[in-house]
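Q: Could we read this structure together, taking one feature at a time?

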Amino acid sequence: GEFINPTGFHARGPKEIQAFSARAFAAAYAGSTDTFTLSATRKIAPGVVVIDGEWTIKGAHKPTGEAIPLEAGIATAVVVKTPAGWRASALREQESATKITP
């Protein structure tokens, strides 16, 4: 899979995504909680779906310990059905918009 976060960081493949997540959740996002609210889905091929939704992260903190305000935005992902279940093939998050109207 691929992942691009709101700052433009681009991780390619499971190892890069896992390394990014491990760093983020060992530091600023340790103890944070996130939500994803599904807004729309669209089947584009057998076993391939595009999903849109809104995300939030609360409880993150700066290296100084100061709280980071609620982060929120929208995301689009391509998910693929595999023998192990549905897996994200591509995920794009952005903070510039906060509401999706299907």
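**Reading the helix, the sheet and the salt bridges**

A: Helix H1 (residues 13–26) has 14 residues and reaches 20 Å from its first C-alpha to its last, close to the 20 Å expected at 1.5 Å a residue. Please keep in mind that this is a predicted model.

Q: Which residues of H1 are buried?

A: The general idea comes first. An α-helix has 3.6 residues a turn, so residues three or four places apart point the same way. In H1, the buried residues are Gly-13, Phe-20 and Ala-24. Viewed down the axis of H1, the buried residues lie within an arc of 30°, so they line one face of the helix.

Q: What does the face of H1 turned away from its buried side carry?

A: That face carries the exposed residues Pro-14, Lys-15, Gln-18 and Ala-26. As for the buried residues of H1, their cover includes E1 and strand E2 (10–12).

Q: How is the sheet to be read, and what is the order of its strands?

A: In general, strands of a sheet pair through backbone hydrogen bonds, either parallel or antiparallel. Here six strands form an open sheet with mixed pairing, in the order E2-E1-E6-E5-E4-E3. E2 and strand E3 (33–45) are the edge strands, each pairing on one side only. From one strand to the next, the twist averages 20°.

Q: How many bridges join E1 to E6, and do these strands run parallel or antiparallel?

A: E1 and E6 run parallel and are joined by three bridges. Within this pairing, Glu-2 has Ala-90 in E6 as its bridge partner. H1 packs on the sheet, where it touches E1 and E2, and the direction of H1 makes about 135° with that of E2.

Q: How many salt bridges does a search of the whole structure find?

A: Side chains of opposite charge can pair when their charged atoms come close. The search of the whole structure finds two salt bridges. One of them joins the side chains of Arg-92 and Glu-2, at 3.0 Å from N to O. This pair links distant parts of the chain, with Arg-92 in strand E6 (residues 85–94) and Glu-2 in strand E1 (residues 2–4), 90 residues apart. Arg-92 is partly exposed at 33% relative accessibility, and Glu-2 is partly exposed at 29%.

Q: With which residue does Glu-66 form a salt bridge?

A: Glu-66 forms a salt bridge with Lys-62, and their closest N and O atoms are 3.8 Å apart. Glu-66 counts as partly exposed, at 45% relative accessibility. Lys-62 is likewise partly exposed, with a relative accessible area of 36%.

Methods. Residues numbered from 1 in each chain as written. Predicted model: local features only at pLDDT ≥ 70, side-chain atom pairs only at ≥ 80, totals over all residues. Heavy atoms only, no water. Salt bridge = Lys/Arg side-chain N within 4 Å of Asp/Glu carboxyl O. Helix = DSSP H or I, 4+ residues; strand = E, 2+ residues; numbered from the N terminus. Buried < 20%, exposed > 50% of the residue type's maximum accessible area, 1.4 Å probe, protein only. Expected span 1.5 Å × (residues − 1). Arc of directions from axis to C-beta. Contact = heavy atoms within 4.5 Å. Pairing = 2+ DSSP bridges. Axes fitted to C-alpha atoms, helices over the stretch in contact; angles between N-to-C directions.
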